[in-house]
Amino acid sequence: MTVTHTGRRRALKGVFVLAGAAALVRSGLAQPAAEPRVIEMTAHRFAYEPKEIALRAGERVVVAIRSLDFVHGMNIPDLGMRLDLVPGRVTRLELQPKAPGTIDFVCDNFCGDGHEEMHGRFVVTA
Amino acid sequence: MQRRDFLALTALGGGAVFASGLAGCAARAGGMTAANNYGDFYFVQLSDTHWGYQGPANPDAAVTLRKAVATVNALTTPPEFIVFTGDLTHTTDDPAERRRRLAEFKTIVADLKVKTVRFMPGEHDASLDRGAAYKEYFGETFYTFDHKGVHFIAVDNVSDPGAKIGDEQLAWLSADLAKLDKQAPIVVLTHRPLFDLAPKWDWATRDGAQAVELLMPFANVTVFYGHIHQEHHQMTGHIAHHSAKSLIFPLPAPGSQPNRTPLPWDASTPYKGLGFREIEAEAAGRALKVTEFPVVRA
């Protein structure tokens with residue numbers, strides 16, 4: 001599975017954005033692409049909510065993540081990327097999955113007794 | 001009878017003892033083999049005792065550590081020293097409770113007959129307060145020592161909750177290694193794997209590759225770690241990495257199931273999957289042999 005992403009990070013007045021490569025390509029197109037669907041997510045000890053997010057292959061989405069209590073991590077090994085989710089900020093993750101499958105993510109900042117259960121996944125369908 | 005002969009006979013006759021041989025940095029399958037040369041020395045590695053854990057994965061948690069201490073004390077030939085590779089205690093949000101658990105752990109292991117004991121933290125001990133409580137009881141979280149020509153390096157990859165060794169410690173490691181001959185026998189002790197064993201389960205060290213890179217010019221490096229609650233052997237180049245069983249509950253093989261939930265306790269085979277190991281250094285530390293032991297000897 002390939003998912004469009006980059007590690008490019010921009011700070012916008014307290015909002016961290018991980019912009020997808022698709023957005024960079026889109027800037028050269030005559031017609032602007034549709035705005036990505038925004039999916040709200042929270043992270044708290046010891047869960048992401050929702051912990052499973054359904055996506056469609058080819059769909060551009062932005063996952064807007066708020067941490068409620070700790071600098072949780074969000075490591076997405078399949079994409080070779082990770083985020084620190086700082087309380088008081090909204091961390092935005094832009095994705096555009098290319099093919100069906102699952103993409104797991106896990107908290108990789110030890111956050112207490114229950115850290116090992118803090119994980120989730122994107123489920124991509126055709 | 002030489003020590004290795006004794007171990008080989010014990011392994012064959014005891015049934016419950018699983019033994020594996022590791023020569024140099026290359027893992028070798030099969031059981032113990034009798035050898036003619038007596039080991040230069042051996043030490044014991046215990047790991048992931050998680051003192052304070054209460055849960056169904058080990059209903060016997062209140063006594064498992066004590067039984068392991070008794071088993072180590074009963075070894076026919078005492079080790080020259082003992083190492084604990086982290087997660088001495090199970091984590092808690094309460095700083096007072098954390099200190100109580102550390103103190104209780106320290107009291108229990110004080111019953112070890114061998115008094116040269118080296119400790120290092122796991123994330124359960126140190127990540128929530130960056131090692132503050134741990135240091136009060138056990139001192140520095142990273143350090144070196146030498147034993148009979150072998151250079152031991154304890155690397156802390158847990159005091160940072162993000163599982164990082166950190167630039168400061170990496171610089172310290174680089175400076176320490178700069179003093180060594182490239183052929184020097186080196187044993188690295190740490191908690192988390194220094195390589196990406198299973199990042200989806202947080203079984204990695206975020207900047208572990210930098211440590212491995214620093215170690216790579218050295219010909220005789222072996223890493224012993226914990227964290228994953230099972231025996232596991234892997235090479236990164238010529239560097240061997242060996243994880244230890246825990247003394248609280250076993251975890252599934254890396255990536256073998258969706259989640260890293262503890263393997264269920266089996267009352268018919270208590271302590272299954274738990275244990276400790278001996279590491280025997282021969283040939284001036286360039287050959288290391290590992291023998292696994294259960295919590296309770298048959």
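Student: Which exposed residues does the face of α3(B) turned away from its buried side carry?

Tutor: This is a predicted model, and in it the buried residues of α3(B) are Arg98(B), Arg101(B), Leu102(B), Phe105(B) and Val109(B). Because they cover an arc of only 100° around the axis, they sit on the same side of α3(B). The face turned away from that buried side carries two exposed residues, Ala96(B) and Thr107(B).

Student: How far apart are the end C-alpha atoms of helix α3 of chain B?

Tutor: Helix α3 of chain B runs over residues 95–109, which makes 15 residues. At 1.5 Å a residue these should span 21 Å, and the model agrees with that expectation, because the end C-alpha atoms are apart by 21 Å.

Student: With which residues is Val155(B) in contact, leaving aside its neighbours within four places in sequence?

Tutor: Once its neighbours within four places in sequence are left aside, the residues in contact with Val155(B) are Phe142(B), Ile165(B), Leu173(B), Val188(B), Thr190(B) and Ala211(B).

Student: In β5(A), which residue is the bridge partner of Thr42(A)?

Tutor: Strand β4 of chain A covers residues 37–44 and pairs with strand β7 (residues 61–67) of chain A in the parallel sense over seven bridges, with Met41(A) standing opposite Ile65(A). With strand β5 (residues 47–49) of chain A, however, β4(A) pairs in the antiparallel sense over three bridges, and these two strands form a hairpin with two residues between them. In β5(A), the bridge partner of Thr42(A) is Glu49(A).

Student: How many charged residues has the side of chain A that touches chain B?

Tutor: The contact between the chains involves 12 residues of chain A and 16 residues of chain B. On the side of chain A that touches chain B, β8 (72–76) and β11 (101–106) each supply at least two residues. By class, that side has three nonpolar and five polar residues, and its charged residues number four.

Conventions:
Residues are numbered from 1 along each chain as its sequence is written. Chains are lettered from A and ligands numbered from 1 in the order in which they are written. This is a predicted model: local features need pLDDT of at least 70, side-chain atom pairs count only at pLDDT 80 or more; totals for chains, interfaces and linings use all residues. Two strands pair if DSSP finds at least two bridges between them. Helices (H or I, at least four residues) and strands (E, at least two) are DSSP runs, numbered from the N terminus. Two residues are in contact if their C-beta atoms, placed from the backbone, lie within 7 Å. Ala, Val, Leu, Ile, Met, Phe, Trp, Tyr, Cys and Pro count as nonpolar, Asp, Glu, Lys and Arg as charged, and the others, Gly among them, as polar. The expected span of a helix is 1.5 Å times one less than its number of residues. A residue is buried if 20 or more other C-beta atoms lie within 10 Å of its own, exposed if 12 or fewer, and partly exposed in between; C-beta atoms are placed from the backbone. The arc is that of the directions from the helix axis to the C-beta atoms.
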